[in-house]
Amino acid sequence: MTSPIAKLSFWGVRGSTPTVDPATWRYGGNTPCLELIAPDGTQFILDCGTGLRTLGSRWGAADESRGQETHIFVTHYHWDHIQGLPFFAPLYDEKNHFQFYSFRSKFLGKDSLRQVMETQMALPYFPVDFSAMNAKRKFRELEDSETFHIGKNKVTSRWLHHPQGCLGFRIETSAGTVVYATDNEPGDPDLDKSLRKLAEGADIFINDAQYSPSQLATSRKGWGHSSWKDGVNIAREVNAKTLVLFHHDPDSTDRMVDEILANAREDFDSVFAASEGMVITLGASNEPVQAHMAASRTALRRGAQFRASVSGMTAEGRKFEEETIVRDLSLQGALISLHHSPLMQSELQVTMETPSADGTQEMRLRCYVVRIEEGAEKGSTAVGVVFTD
Ligand SMILES: [Zn+2]
Ligand SMILES: [Zn+2]
């Protein structure tokens, strides 16, 4: 029996501003952008941070599975949630239809999102103006607690607690419910209650986890964000099944996010830290979560010694061939066949034997699980890992 499947892709997971620091590459540096394809084919995009550009560049021309129209939900107008818009190539193609949803900001008035886009592209901030965007665009402004249907999916919006306002969204599909609640600070009793209603029984609850609980209590109080602990508390109270920690601080290295994730996993069963390239499928009967890392990420280098034969062309234009030892190998990841099935986003230690001048030596590598699939051999698991420091 096949079940209807919803596919949730993470294109940007970083809060506040993009990062290119190598210490943040594993979780990713693009600002918020998610994509949800519902079982009925409806395509939702949640937020338009810099991750939106990557989504646009993978926008296959012949993607028949995509519906007529794409539905783009913008939580609020802070830079990190809109800065991908001018770089979203499908907006320049007249064949595409977009329906935008956002809210009327009291600072901008009617047609707030349209104004935001026009201003982003006003001269001299961008080389072409808004009229260069040829795709069909419609704009709808949502209210608090508004509920409506798109295809076979039910959508609800609710206010979150954030400077200048922010909306949280709940999307109920036939494969399960996804709740997207980023940019929220706990502490407003009415909005805290409202968020719990939004997240009630969610299969996937994506929550702001920018700061540590101690930062949130002190130096970052009032900045409009949450910690992993708030997400865990809410997930427990409302019986959410899986919590996804989101909107990582630009100053949080991968190691710091690992620690945040480890803390949250001590208190709640099913937790993931949003990572760029991660895909979560809902409604599948087997393993519901898969995470992928983009292949273009910076490779890490490890000293190693492998015997090799090298052939090529010299500077003088002569062909050559020689036996040598490769001493510096770039390793990004590996696929390992195991009889155990490790936890997604957990660490593995791998020791490999490599030949050296006096016999063999051991190369120890730490890695991080990004993918788990059924192995080629019966009873085995193919485990995709990336190497970490
Ligand atoms: Zn943000
Ligand atoms: Zn914000």
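## A walk through the chain, loop by loop

Select Ser 145 to begin: this residue counts as exposed because it has 12 C-beta neighbours inside 10 Å (exposed stands for 12 or fewer other C-beta atoms within 10 Å, buried for 20 or more, partly exposed for anything in between, with C-beta atoms placed from the backbone). Its phi is positive, about 60 degrees, although Ser 145 is not a glycine. The loop around Ser 145 runs between β6 and β7 (146-150).

A word on what is loaded: this is a predicted model, in which local features need pLDDT of at least 70 and side-chain atom pairs count only at pLDDT 80 or more, while totals for chains, interfaces and linings use all residues. Residues are numbered from 1 along each chain as its sequence is written, and chains are lettered from A and ligands numbered from 1 in the order in which they are written.

**The whole chain**

Zoom out for a moment. The chain has seven helices and 21 strands; helices (H or I, at least four residues) and strands (E, at least two) are DSSP runs, numbered from the N terminus. Of the 389 residues, 40% are buried. Among contacts with a separation of 6 or more, 65% link residues 24 or more positions apart, a contact being two C-beta atoms, placed from the backbone, within 7 Å.

Next, select Leu 123 and Pro 124, which are joined by a cis peptide bond with omega of about 5 degrees. Pro 124 sits in the loop between α3 (112-120) and β6 (136-141).

Move on to Asp 183, in the loop between β10 (176-181) and α4. Asp 183 is another residue other than glycine with a positive phi, near 55 degrees. Is Asp 183 buried or exposed? Asp 183 is buried, since 28 other C-beta atoms lie within 10 Å.

**A pair of helices**

Now show α4 (residues 189-199) together with α6 (residues 228-238). Two packed helices are described by the angle between their axes and the distance between the axes. Here α4 and α6 pack at about 60 degrees, with their axes 9 Å apart; axes are lines fitted to C-alpha atoms, for helices over the stretch in contact, and angles run from 0 to 180 degrees between N-to-C directions. That angle makes α4 oblique to α6 (under 35 degrees is roughly parallel, over 145 roughly antiparallel, 65 to 115 roughly perpendicular, and the rest oblique).

To see the contact, pick Leu 195, Arg 196 and Ala 199 of α4, then Ile 234, Glu 237 and Val 238 of α6.

Stay on α6 and colour its buried residues: Trp 228, Asp 230, Gly 231, Val 232, Ile 234 and Ala 235. Besides α4, they pack against β11 (204-208), β12 (242-246) and α7 (254-267).

**The last stop: a sheet**

Finally, select β18, β19, β20 and β21. They form an open sheet of four strands in the order β18-β21-β20-β19, with antiparallel pairing; strands pair if DSSP finds at least two bridges between them. β18 (333-338) and β19 (347-356) are at the edges with a single partner strand each, so one side of each has no neighbour in the sheet. From one strand to the next, the twist averages 45 degrees.

For a closer look, β18 pairs with β21 (residues 381-388) in the antiparallel sense over six bridges. Pick Ala 334 and you will find its bridge partner in β21, Val 385.
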